[in-house]
Amino acid sequence: MKPSRSTSDQIRLEQVRLLYHNSTTSILLSFFGGLLLCWTQQSVIPHTVLATWLTLFIVVYIVRIFLIFQYQRNNIAHHSPDRWHNRFVITTYIVAGLWGAASLFLFPQHSYPHQAIFFIIITGMTASAVSALSPSLTTVIGFLSLALLPLIGKLVFIGTAESYFLAILVLVFWLVNLFNAKKINSSIHDNIQLRLQGMEREEILSTSEERYRHIFNNAPLGIFHYDTNAVVIDANDTFIDIIEGDREFVIGFNMLTMMQDQKMLQVVKKVFKTGEGYFEGDYKTITSGKTTPIRIFFKAIKSADETIIGGVGIVEDFTERKRSEQQIEYHATYD
């Protein structure tokens, strides 16, 4: 049996899964944003520069899409999440570096309309990528920094009052996105942790229930459960055998309204007053009419506020013990 992963490893694994699962839409938007940027800047930027940047841009995005396809197709990341995370980080940083290079080489310094288009594309692209990259704080911080800091440097280098103002706006935009990315990352981390804890509790509960069911079904004593209305809701096979009854009849049997043995009925009523009861003696079952010497222990099940929410009964058939006692008495009397 393989040892279970630690919580930190499971969180890491889920973060990597979210990176690959959530990034497809962001990658496609960023890709079309790059194409749109080159198309809108072709009248103010040399075509050689545009073609070089666009070629590198397309190659990197093809690699990213292929990487995501491999991850989803092979489903082998469970064995090496760090390796797949590093691959994702490297390709993301390369893309961010290309967007940063665009700020240096594709920025239309002397055309305000084209500058506006440039700002819209790059800020829209970075903002849309934040939520997709936030499962990994390293990835999102590196992406935002590599994509936006060169633009801030370019605006400062231009040296005009307008460029300084724009540089401050981009700086604020960068800081706000970093702050939002950290909040989203923290929320994702907490949600993953809560979900893992919930799964762990469910697994523990399932194991506990399976263990209880095994004990319940294989106990040498008869065991039955009843609800607040004294209706039998579950019983093991031993109990069914003791009373020689039918399971379909036993499940749903109301001890308060269907019980014919008055002594037993009084014990059942007492249970709902005191929380426990005991019966020992001959009991004639309704289903078979057989009289069986039995001993029954009743115990109420209570909630945290001591309210009775049901109960359990444990039944022992001491027919053999009674027969032995009769034989001993017989031999003691007649031998």
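This briefing covers the salt bridges of a predicted model and one of its helices. Local features need pLDDT of at least 70 and side-chain atom pairs count only at pLDDT 80 or more, while totals for chains, interfaces and linings use all residues. Residues are numbered from 1 along each chain as its sequence is written, and side-chain values use heavy atoms, with hydrogens and water left out. A search of the whole structure finds nine salt bridges, a salt bridge being a side-chain nitrogen of Lys or Arg within 4 Å of a carboxyl oxygen of Asp or Glu. Three of them, E14 with R195, R213 with D234 and R295 with E280, are described below.

**Helix α1 to helix α6**

- E14 and R195 form a salt bridge in which the closest N and O atoms are 2.9 Å apart.
- Because E14 lies in helix α1 (residues 7-41) and R195 in helix α6 (residues 161-218), the pair ties together parts that are 181 residues apart in sequence; helices (H or I, at least four residues) and strands (E, at least two) are DSSP runs, numbered from the N terminus.
- E14 counts as buried, at 14% relative accessibility, whereas R195 is partly exposed, with a relative accessible area of 39%; buried means under 20% relative accessible area, exposed over 50%, and partly exposed in between (1.4 Å probe, protein chains only).
- A network of salt bridges links E14, R17 and R195.

**Helix α6 to strand β2**

- R213 forms a salt bridge with D234, and the closest N and O atoms are 3.0 Å apart.
- This pair links distant parts of the chain, with R213 in helix α6 and D234 in strand β2 (residues 232-235), 21 residues apart.
- R213 is partly exposed, at a relative accessible area of 32%, while D234 is buried, at 18%.

**Strand β4 to strand β3**

- Between R295 and E280 there is a salt bridge whose closest N and O atoms are 3.6 Å apart.
- R295 is in strand β4 (residues 291-302) and E280 in strand β3 (residues 276-284), so the pair links distant parts of the chain, 15 residues apart.
- In this pair R295 counts as buried, at 12% relative accessibility, and E280 is partly exposed, with a relative accessible area of 39%.

**Geometry of helix α1**

- Helix α1 has 35 residues and reaches 49 Å from its first C-alpha to its last, close to the 51 Å expected at 1.5 Å a residue; the expected span is 1.5 Å times one less than the number of residues.
- At S23, α1 bends by about 45°, the bend being the angle between axes fitted to the seven residues ending there and the seven starting there.
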